[in-house]
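Please take the sequence and the structure together, and follow the paragraphs below with both in view. They move from paired strands to loops and then to a group of aromatic rings.

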Amino acid sequence: MVRVRRSTERGHFDHGWLDTYHTFSFGDYRDPAWVRYRTLRVLNEDRIAPGGEFGAHPHRDMEILTYLIDGALAHRDSLGHGSTIGPGEWQRMTAGKGIMHAEANASKTDPVHLLQIWILPDAHDLEPGYEQKSFAGATKPGQFVLVASPDAREGSMRIHQDADVLIGQATPGTPARHALAEGRSAWIQVVRGQVRVAGETLGTGDALGVDDVSEIVIEATVGSSEFPAEVLLFDLG
């Protein structure tokens with residue numbers, strides 16, 4: 001089964017300082033057909049204007065991943081972490097039994113572009129945690145790189161759920177392939193470029209969920225202006 005989620009069909013809010021698209025129900029956006037995909041609960045694409053900021057706010061019982069596409073994001077939290085996240089970097093927060101954090105565009109002149117991802121954890125009241133890693137330059141055309149997993153293998157960040165998060169690239173003639181075990185599902189989110197996957201053509205911001213297949217093949221579409229094409233793949237138990 002294949003479920004396609006077009007970029008233009010997502011929930012959209014432009015608050016001036018924040019231009020945001022919601023793949024799944026989030027905040028004031030409610031769509032009973034798109035509440036989550038397995039344990040993937042939130043996938044927001046945010047553009048924060050120069051000087052824009054999410055003030056300090058709480059989270060609990062959620063695995064939160066942030067992927068920086070462009071710009072720089074300043075982070076601070078109640079665990080004492082303070083850092084700036086740049087392009088190609090990932091942040092992982094285990095909200096667990098409770099964490100406060102704030103995020104701001106670190107620039108007064110340039111916007112920041114990111115994806116924020118929430119994955120439902122496999123247990124409640126976990127000890128809060130934080131991790132930040134750069135995978136910039138690690139991905140080559142035709143390859144996937146593991147950025148988050150339940151066992152932190154291959155240098156990935158650890159999340160508390162049976163889910164692997166990968167980033168991959170493809171160019172014309174060099175597809176990226178990922179084996180999908182029986183009983184598992186995959187969500188593919190296009191970060192940039194145009195690709196062909198599971199019989200569907202997807203552009204930047206488009207996505208699809210698929211199950212009952214043994215292999216995911218991501219092929220970059222000839223004629224796309226963005227090479228290599230870049231995708232996120234969520235391998236979900």
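Glu 53 stands opposite Ala 104 in strand S10, and this pair belongs to the antiparallel pairing of strand S5 (53-59) with S10 (residues 99-105), which extends over five bridges. Strands here are DSSP runs of E with at least two residues, helices are runs of H or I with at least four, and both are numbered from the N terminus; two strands are said to pair if DSSP finds at least two bridges between them. The model is a predicted one, in which local features need pLDDT of at least 70 and side-chain atom pairs count only at pLDDT 80 or more, whereas totals for chains, interfaces and linings use all residues. Residues are numbered from 1 along each chain as its sequence is written, and side-chain values use heavy atoms, with hydrogens and water left out.

S5 and S10 are part of an open sheet of four strands, in the order S5-S10-S7-S8, with antiparallel pairing. Strand S5 and strand S8 (82-85) stand at the edges with a single partner strand each, so one side of each is left without a neighbour in the sheet. From one strand to the next the twist averages 20°, where axes are lines fitted to C-alpha atoms, for helices over the stretch in contact, and angles run from 0 to 180 degrees between N-to-C directions. Strand S7 (residues 73-77) is joined to S8 by four bridges, and the two run antiparallel. Within that pairing Ala 74 stands opposite Thr 84 in S8. S7 and S8 form a hairpin with four residues between them, and Gly 80 in the turn has a positive phi of about 100°.

Ala 106 lies in the loop between S10 and S11, and its contacts include both Ala 74 and Thr 84, along with Ala 72 and Leu 73, when neighbours within four places in sequence are left aside; contact means heavy atoms within 4.5 Å. With a relative accessible area of 41%, Ala 106 is partly exposed, a class that lies between buried, under 20%, and exposed, over 50% (1.4 Å probe, protein chains only).

A second open sheet has seven strands in the order S1-S20-S17-S22-S15-S13-S14, with mixed pairing. Its edge strands are S1 (2-5) and S14 (157-158), each of which pairs on one side only. Further in, eight bridges join strand S15 (residues 163-170) to strand S22 (residues 229-236), and these strands run antiparallel. The bridge partner of Ala 170 in S22 is Ala 229.

Arg 184 is found in the loop between strand S16 (176-179) and S17. Is this arginine buried or exposed? At 16% relative accessibility, Arg 184 counts as buried. Its side chain makes a polar contact with the side chain of Asp 235, at 2.5 Å; such a contact is a pair of N or O atoms within 3.5 Å, where within protein one must be able to donate a hydrogen and the other to accept it, and residues adjacent in sequence count only if both atoms are side-chain atoms. Among the other residues that Arg 184 touches, beyond those up to four places away in sequence, are Arg 38, Asp 162, Asp 211 and Asp 212.

Arg 38 has its place in the loop between S3 and S4 and is partly exposed, with a relative accessible area of 33%. Its phi is near 55°, a positive value in a residue other than glycine. Most residues other than glycine have a negative phi.

The loop between S3 and S4 also holds Phe 24 and Trp 34, which are ten residues apart. The two form a tilted aromatic pair, with 6.4 Å centre to centre and 45° between the planes; rings of Phe, Tyr and Trp (its six-membered ring) pair if their centres lie within 6.5 Å, and planes under 30 degrees apart count as stacked, over 60 as edge-to-face and the rest as tilted. Phe 24 and Trp 34 are buried. The rings of Phe 24 and Trp 187 have their centres 5.3 Å apart and their planes at 50°, so this pair is tilted. Trp 187 lies in strand S17 (residues 185-192), 163 residues from Phe 24. Ring pairs link Phe 24, Trp 34, Tyr 37 and Trp 187 into a cluster.
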